Amino acid sequence: MNRATPRFSPAAVTTALPRPGSSGRYTSVLMQTTATLIHDGWEVSQRHTPTPLWIPATVPGHVHSDLVRAGVIGDPYYRLHEIGVAWVDKADWVYKTQFMVSKIHSGKQFLVFHGIDTLGRIFLNDNLLGDVRNYFQTYRFDVTEALKSGENKLVIELDSALRIGQEKAVEYLGDGTSVRGKQTYFNFSPRAFVRKPQYMFGWDWGPELVSVGIPGKIELISASVAEITDWEINYELHSTNLADISLSITVQKYDNKPLIVGCALYAAGDNTPDEIITGPAGEYTVHLEILDQEIVRWSPNGRGSQKRYLLNLRVRRVTDNPREPELITHKGLSIGFREILLDTTDGGMAFVVNGEKFFAKGANWIPDGNFPGEITKNQLRERLTQARDAGFNMLRVWGGGLYESEDFYDLCDSLGLLVWQDFAFACSMYPDDLVDFVESVQIEAIQNVKRLRHRVCLCLWCGGNENLELFQSRWSGADQATEFFGGKLIFETLPEVLKKHDPKTPYLPNSPWGDEGEGNCQSENVGDAHYWNVWHAKEPTSNGDWTNYAKSTCRFSSEFGFAAPAGLAAWNSCLAPEDKGVRSLASQWHDKTRKGYETYLKFIAMHFPAPETFDELVYFGQANQAMALTFGIEHWRRQMGHCWGTLYWQLNDCWPTHSWATVDSAGEPKLSYWAVKKSYAALLLSLVRTEKFVEAHLVSDLPHSVSGVLRLQLVTFTGEVLSSVEKPVETPVNAASGSLLEIPAANRNDAFVTGEFLYLENKKPQFQPSYLLLCEPKELQKREINITKEIAGDLEQLQTGLVGDSNLTIVLSVDQFAAFVYICTPKRPGTKLSNNGFHLAPGQSFLLHVYDLAEDMTLDDALDLLEIRYL
Ligand code: BMA
């Protein structure tokens with residue numbers, strides 16, 4: 001294969017000099033420390049084959065995608081292809097490239113690998129640089145000796161993580177009857193022995209595509225004078241707008257000449273005096289302070305601004321002109337100021353930011369694709385913006401996934417999404433008695449804690465997901481275990497790392513976390529709870545009926561969820577037309593929920609008509625999930641004061657599937673997304689059906705009261721008001737109101753009332769209204785509803801008859817009540833909408849925005865796109 005050899009050229013990577021601070025000027029020379037990406041010219045081949053076939057490889061990336069591009073395998077997400085590509089995970093692979101270095105500068109040269117998946121060896125010019133064994137670790141090799149002027153050859157051998165995991169498990173567990181009770185699948189699966197994202201070994205929402213690859217960037221660093229190797233920022237907020245900031249900057253010095261270390265915070269009056277290092281080559285740490293700095297505090301979404309500041313750490317060197325020091329290297333950091341506490345004083349668990357307790361609203365985050373090295377910043381921006389727009393203020397980065405990318409945390413900082421970060425352990429015991437395993441975890445933890453500790457979005461470190469829980473609750477496979485393995489990690493290794501490197505961020509040993517004394521992770525009274533009694537429990541405890549959420553009295557609901565099918569765009573990407581049947585094999589293959597497909601269908605039919613077509617499966621399944629999440633979230637928000645958060649399972653998906661996600665792998669919101677968005681409104685009106693009454697409640701996240709008049713009405717489907725009650729209200733301040741209004745419901749309880757609904761609104765100012773159907777959706781009688789859709793375009797749009805600026809507003813109205821109005825766009829799946837799955841009452845006009853249409857599309861064609869369904 002004839003491919004251009006990339007050239008090493010320091011000038012190409014010289015970044016723009018930072019804006020000079022008031023204390024000095026820079027000479028306009030190249031920075032002395034440069035970094036070049038080694039991402040070009042890569043090829044990959046299977047190892048141990050008689051005729052190696054080299055195919056182009058993308059870095060960052062994973063071998064499956066290279067094999068797809070080369071036509072060796074089909075799309076592994078398509079139909080049942082997952083089964084056919086299983087051989088890829090059993091094979092060993094090798095990556096290679098060549099790169100030119102035209103001139104080797106004096107000083108040190110390093111190769112830095114920001115993520116290798118996972119187990120293998122790295123060679124430069126046939127010299128072994130070292131072994132790699134932890135996906136979550138950055139590997140840095142001194143290549144000053146091995147690097148050549150001219151062409152260099154870089155080779156990375158990767159071993160099957162699946163095979164190595166299996167071998168290690170067998171070695172560790174022996175015949176499986178060891179006295180310490182180490183045995184069987186959930187206790188110790190092969191993945192527990194490989195430090196790589198656990199979900200890649202298959203999960204109950206993801207495929208088993210273990211893969212190998214180079215997911216992180218590779219840099220060649222040339223440092224002739226000095227490097228910044230570490231930094232730590234701490235601050236104290238001693239009034240709402242003043243901060244004392246202290247900084248430690250560690251510099252590796254490669255020669256004897258003096259260095260000037262300083263920083264600039266780009267805010268008013270921003271510079272600190274420089275520190276001079278005069279000693280010989282070696283490592284130095286300098287401390288700088290910025291006192292009484294005026295700042296604006298950062299707040300999570302919905303609670304204030306997300307103000308951040310650019311902090312530039314810099315190392316300079318005196319030149320012949322002492323007034324013009326030469327910039328050697330610098331590090332730009334985006335920082336923000338806020339106080340974060342985890343209040344557990346009353347046994348509960350509440351986050352306190354800038355002195356205010358608040359209700360955490362959000363979801364669990366899984367990696368946004370099965371091949372993490374290929375997740376793009378645009379994809380993350382879209383997904384995290386969806387979270388922000390749905391009213392989230394927090395995400396839990398779940399332990400079976402990743403320590404996410406810099407892009408991810410940049411976006412969370414700017415969108416106001418607090419991050420609860422799990423360490424990368426989930427649903428397993430871990431061999432905490434293997435010295436090299438614990439050492440590897442320790443390095444992984446130190447590196448990631450140091451990388452993330454300055455992030456303003458970081459609100460919690462957590463030792464992992466459901467590790468202790470699986471032991472205590474005796475999950476299948478753990479039922480014979482006599483001892484918990486992994487305790488050393490969560491009670492010693494990780495807390496020690498945090499004590500040293502990030503003592504200020506709160507730590508939870510595991511999630512769920514409960515009454516430590518009794519060792520009860522699932523305690524409802526203490527800590528956080530994973531409420532799976534609806535989906536995962538077995539009858540008679542639960543039968544998939546989401547009204548059981550009302551039984552939870554937990555203090556922080558950090559997981560609960562209800563699965564539903566993805567949307568049509570996602571299905572189109574992975575199903576052939578003949579697969580679009582309710583019980584097709586491919587649809588069943590894409591259900592990993594382990595519930596049993598028939599039970600899954602039964603859960604839908606409990607509240608909605610049994611789906612007869614694939615479209616109905618999508619519609620009814622999604623509407624059922626929407627009702628489930630609304631019911632759960634509203635229940636826990638009404639307990640505000642006792643309960644301080646809901647993080648539902650799960651925001652996103654990693655492939656097209658039936659799962660608990662509210663946004664599918666095509667980025668399309670499911671109906672549940674819109675339901676969650678309503679339930680996460682700062683001012684929430686909700687209706688609860690009790691035995692005798694329907695009660696109206698109000699929950700407010702606002703720091704002040706709003707006056708209004710609540711009105712609760714019983715209305716027929718054709719718009720006749722049967723009864724109406726009103727009450728002037730002052731909204732509670734950052735609290736729940738309890739029941740404010742009631743309408744008797746007892747006489748309506750026995751039989752389903754199909755032609756009436758309850759409607760709760762607040763007049764002036766308008767909060768989002770709340771509806772309550774008085775029957776199960778499946779009991780609604782078939783009826784023809786006239787739905788009018790009209791364009792609410794501007795005059796120009798209407799005159800040209802074209803969409804014009806690519807967005808369109810449509811006014812919808814109905815002649816009788818329409819429940820779960822579902823707008824689908826089969827002619828253009830994935831068309832972006834401003835809402836979906838809503839109820840429409842007669843007499844209302846509903847504004848629906850449609851986005852990203854072609855500008856030259858006619859208005860008639862645009863209207864035609866929207867197919868409107870209802871129950
Ligand atoms: C939870 C999670 C995940 C899992 C989800 C759905 O308990 O922690 O491990 O995917 O349930 O079963």
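## Salt bridges

With a salt bridge taken as a side-chain nitrogen of Lys or Arg within 4 Å of a carboxyl oxygen of Asp or Glu, the count in this predicted model comes to 49 salt bridges. One of them joins the side chains of Arg 79 and Glu 578, at 3.8 Å from N to O. This pair links distant parts of the chain, 499 residues apart, since Arg 79 is in the loop between helix H2 (63-69) and helix H3 (81-84) while Glu 578 is in the loop between helix H11 (568-574) and helix H12 (585-589); here helices are DSSP runs of H or I with at least four residues and strands are runs of E with at least two, numbered from the N terminus. Arg 79 is partly exposed, with a relative accessible area of 27%, and Glu 578 is exposed at 58%, where buried means under 20%, exposed over 50% and partly exposed in between, computed with a 1.4 Å probe and protein chains only.

Asp 117 and Lys 196 meet in another salt bridge, with 2.8 Å from N to O. The two lie 79 residues apart, Asp 117 in the loop between strand S7 (108-113) and strand S8 (120-124), and Lys 196 in the loop between helix H5 (161-173) and strand S12 (213-214). Asp 117 is buried at a relative accessible area of 0%, and Lys 196 is likewise buried at 0%. The side chains of Glu 406 and Arg 455 also form a salt bridge, at 2.9 Å from N to O; because Glu 406 lies in helix H7 (residues 406-415) and Arg 455 in the loop between helix H8 (435-452) and strand S27 (458-462), the pair ties together parts that are 49 residues apart in sequence. Glu 406 is partly exposed, with a relative accessible area of 34%, whereas Arg 455 is buried at 5%. Elsewhere, salt bridges that share partners join Asp 368, Glu 382, Arg 383, Lys 832 and Asp 852 into one network.

## Aromatic pairs

A search of the whole structure finds 59 aromatic pairs, a pair being rings of Phe, Tyr and Trp (its six-membered ring) whose centres lie within 6.5 Å, with planes under 30 degrees apart counted as stacked, over 60 as edge-to-face and the rest as tilted. Trp 365 and Phe 408 form a tilted pair, 5.0 Å centre to centre with 55° between the planes. Trp 365 lies in strand S24 (residues 360-365) and Phe 408 in helix H7, so this pair ties together parts that are 43 residues apart in sequence, and both residues are buried.

Phe 423 and Trp 461 form a stacked pair, 5.0 Å centre to centre with 20° between the planes. Phe 423 is in the loop between strand S26 (418-422) and H8, and Trp 461 is in strand S27, 38 residues apart; both Phe 423 and Trp 461 are buried. A cluster linked by ring pairs contains Trp 532, Trp 535, Phe 562, Tyr 597, Tyr 600, Phe 603 and Trp 660.

## Ligand surroundings

The residues around the ligand, each with a heavy atom within 4 Å of it, are Trp 203, Asp 204, Trp 205, Trp 398, Cys 427, Asn 465, Glu 466, Trp 532, His 536, Glu 559, Trp 649 and Trp 660. This shell divides into seven nonpolar, two polar and three charged residues. The protein covers 96% of the 310 Å² of accessible area that the ligand has on its own, by the Shrake-Rupley method with a 1.4 Å probe.

## Backbone features

The peptide bond from Val 59 to Pro 60 is cis, with omega near 0°, and Pro 60 lies in the loop between strand S4 (55-56) and strand S5 (61-62). The bond from Trp 649 to Gln 650 is also cis, with omega near 10°. Phe 820, in strand S41 (residues 818-824), has a positive phi of about 50° although it is not a glycine, and Phe 820 is buried at 6%.

## Basis of the values

Residues are numbered from 1 along each chain as its sequence is written, and side-chain values use heavy atoms, with hydrogens and water left out. As the model is predicted, local features need pLDDT of at least 70 and side-chain atom pairs count only at pLDDT 80 or more, while totals for chains, interfaces and linings use all residues.

Technical notes
Ala, Val, Leu, Ile, Met, Phe, Trp, Tyr, Cys and Pro count as nonpolar, Asp, Glu, Lys and Arg as charged, and the others, Gly among them, as polar.
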